[in-house]
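Morning, everyone. Please take a look at the structure on the screen. I will keep this short.

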Amino acid sequence: MAAGETSISSHIQHHLTNAKMCSVNGEYVFNKACSESGFWVLHIDTLAWSIGLGILFLWLFRIAAVKAGRDQLAVPGKFQCFVEMLIEFVDTNVKSTFHGKSKLIAPLALTIFVWVFLMNLMDLVPVDVLPALAGWIGATFFGMDSHDVYMKIVPTTDINTTVSLALGVFVLMIGYSIKIKGVVGFIKELTLHPFNTKNVYVQALLVPFNLLLEVLALITKPFSLALRLYGNLYAGEMIFILIGIIGLLQLPLHFIWAVFHILVIVLQAFVFMMLTIVYLSMASADNH
Amino acid sequence: MNLTLTIIGQMIAFAAFVLFCMKLVWPPLMNAIEARQQKIAHGLAATDRAEKDLALAQDKAKDQLKDAKAQAAAIIEQAKKREAKIIEEAADKANAEREHILAQAKAEVEAEGNRLREDLRKQVAALAIAGAEKILQRSIDEAAHSDILEKLVQEL
(Lines give C-alpha, C1' and ligand atoms only; values in the text may rest on other atoms or scores of the structure.)
Protein backbone atom coordinates (compact mmCIF):
# COMPACT_ATOMS: atom_id res chain seq x y z
CA MET A 1 0.00 0.00 0.00
CA ALA A 2 2.77 2.38 0.91
CA ALA A 3 4.58 1.51 -2.28
CA GLY A 4 1.38 2.10 -4.27
CA GLU A 5 0.90 5.49 -2.68
CA THR A 6 4.45 6.45 -3.45
CA SER A 7 4.08 5.39 -7.05
CA ILE A 8 0.85 7.35 -7.40
CA SER A 9 2.36 10.46 -5.89
CA SER A 10 5.48 10.08 -7.98
CA HIS A 11 3.27 9.61 -11.04
CA ILE A 12 1.47 12.86 -10.25
CA GLN A 13 4.76 14.53 -9.49
CA HIS A 14 6.11 13.31 -12.82
CA HIS A 15 3.13 14.82 -14.62
CA LEU A 16 3.59 18.16 -12.90
CA THR A 17 7.29 18.51 -13.61
CA ASN A 18 8.59 20.45 -16.56
CA ALA A 19 11.37 19.33 -18.81
CA LYS A 20 14.27 21.52 -17.78
CA MET A 21 17.43 22.64 -19.45
CA CYS A 22 20.23 24.62 -17.90
CA SER A 23 23.87 25.34 -18.16
CA VAL A 24 26.16 23.88 -15.53
CA ASN A 25 29.87 24.66 -15.81
CA GLY A 26 29.45 25.70 -19.43
CA GLU A 27 27.64 22.51 -20.39
CA TYR A 28 23.97 22.19 -21.20
CA VAL A 29 22.31 19.63 -18.97
CA PHE A 30 18.72 18.55 -18.48
CA ASN A 31 16.12 17.85 -15.83
CA LYS A 32 17.47 16.54 -12.50
CA ALA A 33 20.91 17.94 -13.17
CA CYS A 34 19.32 21.39 -13.02
CA SER A 35 17.97 21.08 -9.47
CA GLU A 36 20.67 23.42 -8.16
CA SER A 37 20.38 26.04 -10.85
CA GLY A 38 17.55 28.03 -9.26
CA PHE A 39 16.30 30.74 -11.58
CA TRP A 40 18.62 29.97 -14.49
CA VAL A 41 16.61 27.11 -15.93
CA LEU A 42 14.59 26.94 -19.12
CA HIS A 43 11.41 24.88 -19.21
CA ILE A 44 11.91 23.56 -22.68
CA ASP A 45 8.56 21.79 -22.91
CA THR A 46 6.67 24.94 -21.96
CA LEU A 47 8.71 27.01 -24.38
CA ALA A 48 8.40 24.52 -27.22
CA TRP A 49 4.65 24.05 -26.90
CA SER A 50 3.82 27.69 -26.34
CA ILE A 51 6.02 28.98 -29.15
CA GLY A 52 4.83 26.18 -31.41
CA LEU A 53 1.19 27.06 -30.69
CA GLY A 54 1.91 30.75 -31.14
CA ILE A 55 3.48 30.06 -34.51
CA LEU A 56 0.53 27.85 -35.46
CA PHE A 57 -1.85 30.68 -34.57
CA LEU A 58 0.10 33.30 -36.49
CA TRP A 59 0.67 31.02 -39.46
CA LEU A 60 -3.06 30.25 -39.80
CA PHE A 61 -4.06 33.87 -39.36
CA ARG A 62 -1.32 35.03 -41.71
CA ILE A 63 -2.76 32.77 -44.42
CA ALA A 64 -6.15 34.44 -43.98
CA ALA A 65 -4.50 37.86 -43.88
CA VAL A 66 -2.60 37.23 -47.12
CA LYS A 67 -5.78 36.05 -48.79
CA ALA A 68 -7.66 39.09 -47.52
CA GLY A 69 -4.87 41.41 -48.61
CA ARG A 70 -4.69 39.99 -52.10
CA ASP A 71 -8.25 40.87 -53.02
CA GLN A 72 -10.17 42.75 -50.37
CA LEU A 73 -13.53 42.40 -52.03
CA ALA A 74 -13.29 38.73 -52.96
CA VAL A 75 -15.87 36.42 -51.44
CA PRO A 76 -14.14 35.05 -48.32
CA GLY A 77 -13.78 31.35 -47.73
CA LYS A 78 -15.04 29.59 -44.63
CA PHE A 79 -11.71 29.74 -42.82
CA GLN A 80 -11.27 33.40 -43.63
CA CYS A 81 -14.80 34.08 -42.41
CA PHE A 82 -13.98 32.33 -39.16
CA VAL A 83 -10.82 34.36 -38.71
CA GLU A 84 -12.68 37.57 -39.54
CA MET A 85 -15.41 36.69 -37.06
CA LEU A 86 -12.75 36.32 -34.35
CA ILE A 87 -11.19 39.62 -35.37
CA GLU A 88 -14.55 41.33 -35.35
CA PHE A 89 -15.35 39.82 -31.95
CA VAL A 90 -12.09 41.04 -30.45
CA ASP A 91 -12.42 44.41 -32.15
CA THR A 92 -15.94 44.91 -30.78
CA ASN A 93 -14.76 44.11 -27.26
CA VAL A 94 -11.77 46.41 -27.57
CA LYS A 95 -13.81 49.27 -28.98
CA SER A 96 -16.48 48.99 -26.28
CA THR A 97 -13.89 49.07 -23.50
CA PHE A 98 -10.88 51.00 -24.73
CA HIS A 99 -11.80 54.49 -25.81
CA GLY A 100 -8.45 55.77 -26.98
CA LYS A 101 -6.84 55.30 -30.31
CA SER A 102 -4.27 52.56 -30.33
CA LYS A 103 -2.95 50.33 -33.04
CA LEU A 104 -1.56 47.95 -30.44
CA ILE A 105 -4.45 47.05 -28.15
CA ALA A 106 -6.64 45.15 -30.60
CA PRO A 107 -3.89 42.92 -32.07
CA LEU A 108 -2.58 42.42 -28.54
CA ALA A 109 -6.01 41.31 -27.36
CA LEU A 110 -6.37 38.98 -30.34
CA THR A 111 -2.96 37.46 -29.74
CA ILE A 112 -3.69 36.93 -26.06
CA PHE A 113 -7.11 35.44 -26.71
CA VAL A 114 -6.13 32.98 -29.40
CA TRP A 115 -2.73 32.09 -28.01
CA VAL A 116 -3.99 31.53 -24.48
CA PHE A 117 -6.92 29.57 -25.85
CA LEU A 118 -4.64 27.31 -27.89
CA MET A 119 -2.34 26.76 -24.91
CA ASN A 120 -5.36 25.97 -22.73
CA LEU A 121 -6.67 23.68 -25.41
CA MET A 122 -3.72 21.36 -24.87
CA ASP A 123 -5.43 20.50 -21.59
CA LEU A 124 -8.01 18.51 -23.54
CA VAL A 125 -5.42 16.14 -24.93
CA PRO A 126 -5.65 13.08 -22.65
CA VAL A 127 -3.07 13.67 -19.93
CA ASP A 128 -1.05 10.48 -20.29
CA VAL A 129 -0.74 10.33 -24.07
CA LEU A 130 1.96 12.84 -24.90
CA PRO A 131 4.11 12.33 -21.76
CA ALA A 132 4.01 8.58 -22.37
CA LEU A 133 4.93 9.09 -26.00
CA ALA A 134 7.78 11.39 -25.03
CA GLY A 135 8.97 8.81 -22.45
CA TRP A 136 8.86 6.08 -25.06
CA ILE A 137 10.80 8.18 -27.56
CA GLY A 138 13.35 9.10 -24.89
CA ALA A 139 13.77 5.49 -23.81
CA THR A 140 13.89 4.07 -27.33
CA PHE A 141 15.99 6.58 -29.22
CA PHE A 142 18.06 8.31 -26.58
CA GLY A 143 18.54 5.50 -24.10
CA MET A 144 17.04 7.47 -21.24
CA ASP A 145 15.05 6.19 -18.33
CA SER A 146 11.47 6.99 -19.33
CA HIS A 147 10.89 8.33 -15.79
CA ASP A 148 13.51 10.93 -16.48
CA VAL A 149 11.69 12.27 -19.52
CA TYR A 150 9.36 15.05 -18.52
CA MET A 151 6.71 16.51 -20.76
CA LYS A 152 4.18 19.03 -19.52
CA ILE A 153 2.15 19.90 -22.58
CA VAL A 154 -0.10 22.69 -21.25
CA PRO A 155 2.04 25.84 -21.16
CA THR A 156 -0.54 27.75 -19.12
CA THR A 157 -0.18 25.31 -16.23
CA ASP A 158 3.39 26.57 -15.94
CA ILE A 159 3.43 29.72 -13.80
CA ASN A 160 6.25 31.07 -15.97
CA THR A 161 3.93 31.39 -18.96
CA THR A 162 1.18 33.22 -17.13
CA VAL A 163 3.62 35.44 -15.27
CA SER A 164 5.38 36.36 -18.49
CA LEU A 165 2.06 37.25 -20.13
CA ALA A 166 1.03 39.30 -17.10
CA LEU A 167 4.43 41.01 -16.98
CA GLY A 168 4.08 41.89 -20.65
CA VAL A 169 0.71 43.46 -19.91
CA PHE A 170 2.18 45.18 -16.82
CA VAL A 171 4.95 46.75 -18.87
CA LEU A 172 2.36 48.01 -21.34
CA MET A 173 0.24 49.39 -18.48
CA ILE A 174 3.15 51.41 -17.16
CA GLY A 175 4.07 52.45 -20.68
CA TYR A 176 0.56 53.64 -21.47
CA SER A 177 0.28 55.47 -18.14
CA ILE A 178 3.48 57.37 -18.83
CA LYS A 179 2.64 57.94 -22.49
CA ILE A 180 -0.80 59.39 -21.76
CA LYS A 181 -0.19 61.22 -18.47
CA GLY A 182 3.55 61.81 -18.58
CA VAL A 183 5.98 60.77 -15.86
CA VAL A 184 4.77 63.54 -13.55
CA GLY A 185 1.15 62.66 -14.13
CA PHE A 186 1.88 59.04 -13.40
CA ILE A 187 3.69 59.89 -10.16
CA LYS A 188 0.86 62.24 -9.20
CA GLU A 189 -1.61 59.46 -9.81
CA LEU A 190 0.38 57.18 -7.51
CA THR A 191 0.78 59.74 -4.71
CA LEU A 192 -2.24 62.05 -4.70
CA HIS A 193 -4.95 59.41 -4.70
CA PRO A 194 -7.15 58.18 -3.18
CA PHE A 195 -6.65 60.65 -0.26
CA ASN A 196 -6.42 64.19 -1.49
CA THR A 197 -6.64 67.51 0.32
CA LYS A 198 -5.96 71.12 -0.53
CA ASN A 199 -3.72 71.52 2.48
CA VAL A 200 -0.12 70.89 1.36
CA TYR A 201 1.16 69.69 4.75
CA VAL A 202 -1.64 67.24 5.28
CA GLN A 203 -1.16 66.05 1.73
CA ALA A 204 2.53 65.44 2.38
CA LEU A 205 1.56 63.24 5.27
CA LEU A 206 -0.86 61.33 3.09
CA VAL A 207 1.60 60.73 0.23
CA PRO A 208 3.28 57.59 1.63
CA PHE A 209 -0.08 56.12 2.47
CA ASN A 210 -1.39 56.86 -1.03
CA LEU A 211 1.76 55.49 -2.60
CA LEU A 212 1.41 52.23 -0.68
CA LEU A 213 -2.24 51.80 -1.70
CA GLU A 214 -1.73 52.75 -5.34
CA VAL A 215 1.37 50.64 -5.85
CA LEU A 216 -0.44 47.72 -4.26
CA ALA A 217 -3.42 48.31 -6.57
CA LEU A 218 -1.08 48.49 -9.54
CA ILE A 219 0.86 45.35 -8.71
CA THR A 220 -2.24 43.34 -7.86
CA LYS A 221 -3.39 43.61 -11.46
CA PRO A 222 -0.67 41.54 -13.13
CA PHE A 223 -0.65 39.21 -10.14
CA SER A 224 -4.34 38.53 -10.45
CA LEU A 225 -3.97 38.06 -14.20
CA ALA A 226 -1.14 35.56 -13.84
CA LEU A 227 -2.51 33.63 -10.89
CA ARG A 228 -6.10 33.40 -12.18
CA LEU A 229 -5.07 31.74 -15.40
CA TYR A 230 -2.42 29.59 -13.76
CA GLY A 231 -4.71 28.52 -10.93
CA ASN A 232 -7.61 27.58 -13.15
CA LEU A 233 -5.54 25.61 -15.61
CA TYR A 234 -3.33 24.00 -13.00
CA ALA A 235 -6.37 22.84 -11.05
CA GLY A 236 -8.02 21.55 -14.21
CA GLU A 237 -4.86 19.69 -15.18
CA MET A 238 -4.58 18.27 -11.67
CA ILE A 239 -8.09 16.88 -11.84
CA PHE A 240 -7.36 15.35 -15.26
CA ILE A 241 -4.29 13.67 -13.76
CA LEU A 242 -6.27 12.42 -10.75
CA ILE A 243 -9.03 11.09 -13.02
CA GLY A 244 -6.33 9.50 -15.14
CA ILE A 245 -5.09 7.25 -12.34
CA ILE A 246 -8.39 5.61 -11.35
CA GLY A 247 -8.47 2.98 -14.08
CA LEU A 248 -11.33 2.22 -16.47
CA LEU A 249 -13.84 4.33 -14.58
CA GLN A 250 -11.91 7.38 -15.77
CA LEU A 251 -13.59 7.32 -19.19
CA PRO A 252 -17.03 8.79 -18.29
CA LEU A 253 -15.49 11.03 -15.64
CA HIS A 254 -12.85 12.24 -18.03
CA PHE A 255 -15.50 12.98 -20.61
CA ILE A 256 -17.62 14.99 -18.17
CA TRP A 257 -14.63 16.95 -16.90
CA ALA A 258 -13.38 17.58 -20.42
CA VAL A 259 -16.76 18.93 -21.54
CA PHE A 260 -16.82 21.21 -18.52
CA HIS A 261 -13.25 22.18 -19.19
CA ILE A 262 -14.09 23.34 -22.72
CA LEU A 263 -16.01 26.13 -21.02
CA VAL A 264 -13.15 26.87 -18.64
CA ILE A 265 -10.46 27.16 -21.28
CA VAL A 266 -12.45 29.52 -23.49
CA LEU A 267 -13.60 31.55 -20.52
CA GLN A 268 -10.11 31.90 -19.09
CA ALA A 269 -8.72 33.01 -22.44
CA PHE A 270 -11.55 35.52 -22.77
CA VAL A 271 -11.14 36.79 -19.20
CA PHE A 272 -7.41 37.26 -19.70
CA MET A 273 -8.06 39.22 -22.88
CA MET A 274 -10.85 41.34 -21.37
CA LEU A 275 -8.87 42.17 -18.23
CA THR A 276 -5.88 43.13 -20.36
CA ILE A 277 -8.06 45.57 -22.29
CA VAL A 278 -9.64 46.90 -19.10
CA TYR A 279 -6.31 47.40 -17.36
CA LEU A 280 -4.82 49.13 -20.38
CA SER A 281 -7.84 51.39 -20.77
CA MET A 282 -7.62 52.24 -17.06
CA ALA A 283 -3.94 52.98 -17.48
CA SER A 284 -4.58 55.29 -20.40
CA ALA A 285 -7.62 57.01 -18.90
CA ASP A 286 -6.67 60.52 -17.87
CA ASN A 287 -8.85 60.93 -14.83
CA HIS A 288 -8.42 58.60 -11.93
CA MET B 1 5.74 27.39 -8.27
CA ASN B 2 9.24 27.87 -9.55
CA LEU B 3 9.92 31.00 -11.50
CA THR B 4 12.73 30.48 -13.94
CA LEU B 5 14.44 31.97 -16.95
CA THR B 6 11.50 30.60 -18.92
CA ILE B 7 9.69 33.87 -18.08
CA ILE B 8 12.17 35.86 -20.16
CA GLY B 9 11.89 33.44 -23.07
CA GLN B 10 8.12 33.55 -22.92
CA MET B 11 8.08 37.33 -22.75
CA ILE B 12 10.29 37.57 -25.83
CA ALA B 13 8.01 35.13 -27.65
CA PHE B 14 4.94 37.07 -26.48
CA ALA B 15 6.35 40.37 -27.70
CA ALA B 16 7.33 38.83 -31.03
CA PHE B 17 3.87 37.32 -31.51
CA VAL B 18 2.10 40.56 -30.67
CA LEU B 19 4.35 42.50 -33.04
CA PHE B 20 3.80 39.99 -35.84
CA CYS B 21 0.06 40.09 -35.26
CA MET B 22 0.06 43.89 -35.18
CA LYS B 23 2.10 44.29 -38.37
CA LEU B 24 1.13 41.37 -40.57
CA VAL B 25 -2.15 39.86 -39.41
CA TRP B 26 -4.44 42.55 -38.05
CA PRO B 27 -4.16 45.35 -40.66
CA PRO B 28 -4.86 43.33 -43.83
CA LEU B 29 -7.78 41.53 -42.23
CA MET B 30 -9.24 44.71 -40.73
CA ASN B 31 -8.83 46.50 -44.07
CA ALA B 32 -10.59 43.68 -45.86
CA ILE B 33 -13.40 43.69 -43.33
CA GLU B 34 -13.80 47.45 -43.64
CA ALA B 35 -13.65 47.34 -47.43
CA ARG B 36 -16.31 44.66 -47.48
CA GLN B 37 -18.46 46.62 -45.03
CA GLN B 38 -18.23 49.62 -47.29
CA LYS B 39 -19.10 47.53 -50.32
CA ILE B 40 -22.13 46.11 -48.57
CA ALA B 41 -23.19 49.58 -47.45
CA HIS B 42 -22.84 50.82 -51.04
CA GLY B 43 -24.81 47.85 -52.28
CA LEU B 44 -27.61 48.51 -49.82
CA ALA B 45 -27.69 52.20 -50.72
CA ALA B 46 -27.79 51.30 -54.40
CA THR B 47 -30.69 48.96 -53.74
CA ASP B 48 -32.59 51.73 -51.97
CA ARG B 49 -31.88 54.10 -54.84
CA ALA B 50 -32.93 51.53 -57.39
CA GLU B 51 -36.19 50.95 -55.53
CA LYS B 52 -36.92 54.68 -55.53
CA ASP B 53 -35.99 54.91 -59.20
CA LEU B 54 -38.28 52.01 -59.99
CA ALA B 55 -41.21 53.66 -58.18
CA LEU B 56 -40.51 56.90 -60.02
CA ALA B 57 -40.29 55.14 -63.36
CA GLN B 58 -43.53 53.32 -62.65
CA ASP B 59 -45.27 56.60 -61.84
CA LYS B 60 -43.85 58.16 -64.96
CA ALA B 61 -44.93 55.23 -67.09
CA LYS B 62 -48.43 55.49 -65.62
CA ASP B 63 -48.59 59.19 -66.41
CA GLN B 64 -47.35 58.62 -69.91
CA LEU B 65 -49.87 55.89 -70.46
CA LYS B 66 -52.63 58.23 -69.27
CA ASP B 67 -51.39 60.98 -71.61
CA ALA B 68 -51.18 58.59 -74.50
CA LYS B 69 -54.72 57.40 -73.87
CA ALA B 70 -56.03 60.97 -73.73
CA GLN B 71 -54.14 61.83 -76.89
CA ALA B 72 -55.48 58.80 -78.67
CA ALA B 73 -59.02 59.70 -77.62
CA ALA B 74 -58.50 63.24 -78.92
CA ILE B 75 -57.15 61.97 -82.21
CA ILE B 76 -60.07 59.59 -82.63
CA GLU B 77 -62.48 62.42 -81.84
CA GLN B 78 -60.79 64.64 -84.39
CA ALA B 79 -60.82 61.90 -86.98
CA LYS B 80 -64.53 61.36 -86.43
CA LYS B 81 -65.21 65.06 -86.88
CA ARG B 82 -63.11 65.10 -90.01
CA GLU B 83 -64.89 62.08 -91.36
CA ALA B 84 -68.25 63.71 -90.81
CA LYS B 85 -67.02 66.88 -92.46
CA ILE B 86 -65.64 65.02 -95.46
CA ILE B 87 -68.90 63.11 -95.86
CA GLU B 88 -70.86 66.34 -95.64
CA GLU B 89 -68.62 68.04 -98.16
CA ALA B 90 -68.84 65.11 -100.49
CA ALA B 91 -72.61 65.11 -100.19
CA ASP B 92 -72.74 68.84 -100.90
CA LYS B 93 -70.50 68.45 -103.88
CA ALA B 94 -72.56 65.55 -105.20
CA ASN B 95 -75.75 67.58 -104.80
CA ALA B 96 -74.27 70.50 -106.64
CA GLU B 97 -73.07 68.22 -109.36
CA ARG B 98 -76.48 66.62 -109.63
CA GLU B 99 -78.20 69.96 -109.87
CA HIS B 100 -75.71 71.12 -112.42
CA ILE B 101 -76.21 68.01 -114.50
CA LEU B 102 -79.97 68.30 -114.13
CA ALA B 103 -79.94 71.91 -115.20
CA GLN B 104 -77.77 71.08 -118.15
CA ALA B 105 -80.04 68.21 -119.14
CA LYS B 106 -83.10 70.45 -118.82
CA ALA B 107 -81.51 73.09 -120.99
CA GLU B 108 -80.58 70.51 -123.55
CA VAL B 109 -84.04 69.06 -123.49
CA GLU B 110 -85.53 72.53 -123.92
CA ALA B 111 -83.20 73.37 -126.73
CA GLU B 112 -83.99 70.09 -128.45
CA GLY B 113 -87.70 70.74 -127.91
CA ASN B 114 -87.38 74.23 -129.38
CA ARG B 115 -85.46 72.89 -132.34
CA LEU B 116 -88.00 70.15 -132.91
CA ARG B 117 -90.80 72.59 -132.55
CA GLU B 118 -89.11 74.89 -135.12
CA ASP B 119 -88.66 71.95 -137.46
CA LEU B 120 -92.20 70.92 -136.92
CA ARG B 121 -93.38 74.42 -137.55
CA LYS B 122 -91.35 74.60 -140.70
CA GLN B 123 -92.61 71.24 -141.82
CA VAL B 124 -96.20 72.23 -140.98
CA ALA B 125 -95.66 75.43 -142.91
CA ALA B 126 -94.22 73.54 -145.79
CA LEU B 127 -97.11 71.11 -145.57
CA ALA B 128 -99.54 73.95 -145.37
CA ILE B 129 -97.89 75.63 -148.28
CA ALA B 130 -97.79 72.35 -150.12
CA GLY B 131 -101.46 71.82 -149.30
CA ALA B 132 -102.31 75.35 -150.23
CA GLU B 133 -100.20 75.10 -153.30
CA LYS B 134 -102.08 72.04 -154.37
CA ILE B 135 -105.38 73.75 -153.66
CA LEU B 136 -104.37 76.96 -155.20
CA GLN B 137 -102.31 75.59 -158.05
CA ARG B 138 -104.99 75.89 -160.37
CA SER B 139 -106.34 79.19 -159.28
CA ILE B 140 -103.58 81.18 -157.89
CA ASP B 141 -100.39 82.28 -159.41
CA GLU B 142 -97.55 81.50 -157.08
CA ALA B 143 -95.77 84.63 -157.90
CA ALA B 144 -98.75 86.85 -157.44
CA HIS B 145 -99.49 85.47 -154.00
CA SER B 146 -96.11 84.93 -152.64
CA ASP B 147 -96.31 87.90 -150.30
CA ILE B 148 -99.40 86.43 -148.67
CA LEU B 149 -97.64 83.11 -148.33
CA GLU B 150 -94.65 84.73 -146.75
CA LYS B 151 -96.91 86.39 -144.25
CA LEU B 152 -98.46 83.07 -143.43
CA VAL B 153 -95.15 81.39 -142.92
CA GLN B 154 -94.22 84.17 -140.60
CA GLU B 155 -97.31 83.75 -138.56
CA LEU B 156 -96.81 80.05 -138.07
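Chains are lettered from A and ligands numbered from 1 in the order in which they are written, and residues are numbered from 1 along each chain as its sequence is written. This is a predicted model: local features need pLDDT of at least 70, side-chain atom pairs count only at pLDDT 80 or more, and totals for chains, interfaces and linings use all residues.

Start with the sheet in chain A. Helices (H or I, at least four residues) and strands (E, at least two) are DSSP runs, numbered from the N terminus. Two strands pair if DSSP finds at least two bridges between them. What is the strand order of the open sheet in chain A? The order is β2-β1-β3, three strands with antiparallel pairing. At the edges sit β2 (27-30) and β3 (41-43) of chain A, each pairing on one side only. On average, neighbouring strands here are turned by 25° against each other, direction ignored. Those axes are lines fitted to C-alpha atoms, for helices over the stretch in contact, and angles run from 0 to 180 degrees between N-to-C directions.

Now the pairings. β1(A) and β2(A) are antiparallel and joined by four bridges. Ser23(A) faces Tyr28(A) in β2(A) across this pairing. Met21(A) stands opposite Phe30(A) in β2(A). Met21(A) also has a bridge partner in β3(A), namely Leu42(A). β1 (residues 20-24) of chain A meets β3(A) over three bridges, again antiparallel. The hairpin of β1(A) and β2(A) has two residues between the strands, and Asn25(A) there takes a positive phi near 55°.

On to the helices. The expected span of a helix is 1.5 Å times one less than its number of residues. Helix α5 (residues 129-141) of chain A, with 13 residues, reaches 18 Å from first C-alpha to last, close to the 18 Å expected. After α5(A) comes Gly143(A), with a positive phi near 65°.

Helix α6 (residues 159-191) of chain A is another story. A straight helix of 33 residues would span 48 Å, but α6(A) spans only 31 Å between its end C-alpha atoms. Where does α6(A) bend? At Lys181(A), by about 110°. That bend is the angle between axes fitted to the seven residues ending there and the seven starting there.

One residue in α2 (residues 44-70) of chain A is Leu60(A). The C-alpha atoms of Leu60(A) and Phe79(A) are separated by 9.2 Å, with the residues 19 apart along the chain.

Finally, the annotations. UniProt positions use the numbering here, feature names are shortened, and annotations may be inferred rather than shown by experiment. In chain A, the unreviewed UniProt entry lists "transmembrane region" at several stretches, including 40-61 and 162-180. Residues 162-180 of chain A are 100% helix and 0% strand, with end C-alpha atoms 27 Å apart. In chain B, an unreviewed UniProt entry places that feature at residues 6-26. That chain B span is 100% helix and 0% strand, and its end C-alpha atoms are 28 Å apart.
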